[in-house]
Amino acid sequence: MAALSQKFTMKISVCLLLLAVFTCGVSAQGEDHTAEEVQVEVLVKPETCSTLSRMGDTLQIHYTGKLMDGKVIDSSLSRDPLAVELGKRTVIAGLEQSLVGVCEGQKIKATIPSHLAYGKKGYPPTIPGDAALEFEVEVISLTQQTPWQKMVNDVLPLVCLALVPTLLGLVGLYLYNKANAQKPNKKKAKDKKSKKK
């Protein structure tokens with residue numbers, strides 16, 4: 001009985017794991033396709049560029065965002081630099097993609113299609129629907145992620161992904177065993193009481 005429930009639990013765990021892997025693969029393929037649509041032009045590149053930004057790094061940037069007709073929609077030049085942690089989606093997808101592979105002191109111009117900006121709805125009244133955007137960005141500073149941050153960002157989600165099917169399997173096993181446990185017979189309980197007297 002226990003072997004049967006253990007096989008059932010293993011089958012469910014394997015199915016959930018395969019589903020998770022398939023889902024991650026499909027989303028990764030979609031990201032590769034859309035990344036080609038952002039156009040990045042390097043305006044200024046420092047002479048020494050030893051460290052390039054990667055997902056998980058934090059950038060301090062100044063930016064000016066414009067519509068394709070040149071109308072400025074937002075700028076950080078009159079404020080403190082914007083902190084962007086790559087991979088956390090704190091800015092629009094196209095801008096985040098354009099910031100991967102840059103170095104401190106670099107200036108870029110990113111042309112972002114509407115589906116990687118604000119989409120069909122736009123951001124009324126400033127940004128109309130289906131509007132492509134152009135961002136001029138200066139990278140003020142680049143802070144690479146620490147090993148601890150890398151572990152939290154990369155390893156912890158995988159551990160949690162493995163724990164979910166395991167916990168579901170254990171709960172299922174517990175409920176299965178509880179449902180199939182034999183209940184004590186009332187007649188046997190009375191016989192035991194009478195034997196004690």
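## Salt bridges

This predicted model contains two salt bridges. Side chains of opposite charge can pair when their charged atoms come close. One of the bridges joins the side chains of K66 and E136, with 3.7 Å from N to O. This pair links distant parts of the chain. K66 sits in strand β2, while E136 sits in strand β6, which covers residues 133-143. The two are 70 residues apart.

How far apart are N and O in the salt bridge of D74 and R79? The value is 3.4 Å.

## How open the charged residues are

K66 has a relative accessible area of 21%, so K66 counts as partly exposed. The cut-off for buried is under 20%. E136 is partly exposed too, at 32%.

Now the other pair. D74 is partly exposed, with 31% relative accessibility. R79 is also partly exposed, and its relative accessible area is 42%.

## The disulfide

How many disulfides does a search of the whole structure find? The search finds one. C49 and C103 are the partners, and their sulfur atoms are 2.2 Å apart. The angle about the S-S bond is -130°, and the link is left-handed.

Where do the two cysteines lie? C49 is in the loop between β1 (39-44) and β2 (58-67). C103 is in the loop between α2 (93-98) and β5 (107-112). The pair therefore ties together parts that are 54 residues apart in sequence.

## Cysteines and the surface

Is C103 buried or exposed? C103 is buried, because its relative accessible area is 2%. Exposed would need over 50%.

C160 is another cysteine to look at in the model. C160 is partly exposed, with a relative accessible area of 40%.

## A nonpolar patch

Which residues form the nonpolar patch on the surface? They are W148, M151, V152, V155, L156, V159, L163, L167 and L170. Together they have about 830 Å² of accessible area. One of them, L170, is in helix α3, which spans residues 147-180. Find L170 in the structure, then trace the other patch members, including W148 and V159.

Technical notes. Residues numbered from 1 in each chain as written. Predicted model: local features only at pLDDT ≥ 70, side-chain atom pairs only at ≥ 80, totals over all residues. Heavy atoms only, no water. Disulfide = S-S within 2.5 Å. Helix = DSSP H or I, 4+ residues; strand = E, 2+ residues; numbered from the N terminus. Buried < 20%, exposed > 50% of the residue type's maximum accessible area, 1.4 Å probe, protein only. Patch = residues over 30% accessible without salt bridge, like charges linked within 9 Å, V, L, I, M, F, W, Y side chains within 5 Å. Areas by Shrake-Rupley, 256 points an atom, 1.4 Å probe, with all protein chains shown as cover. Salt bridge = Lys/Arg side-chain N within 4 Å of Asp/Glu carboxyl O.
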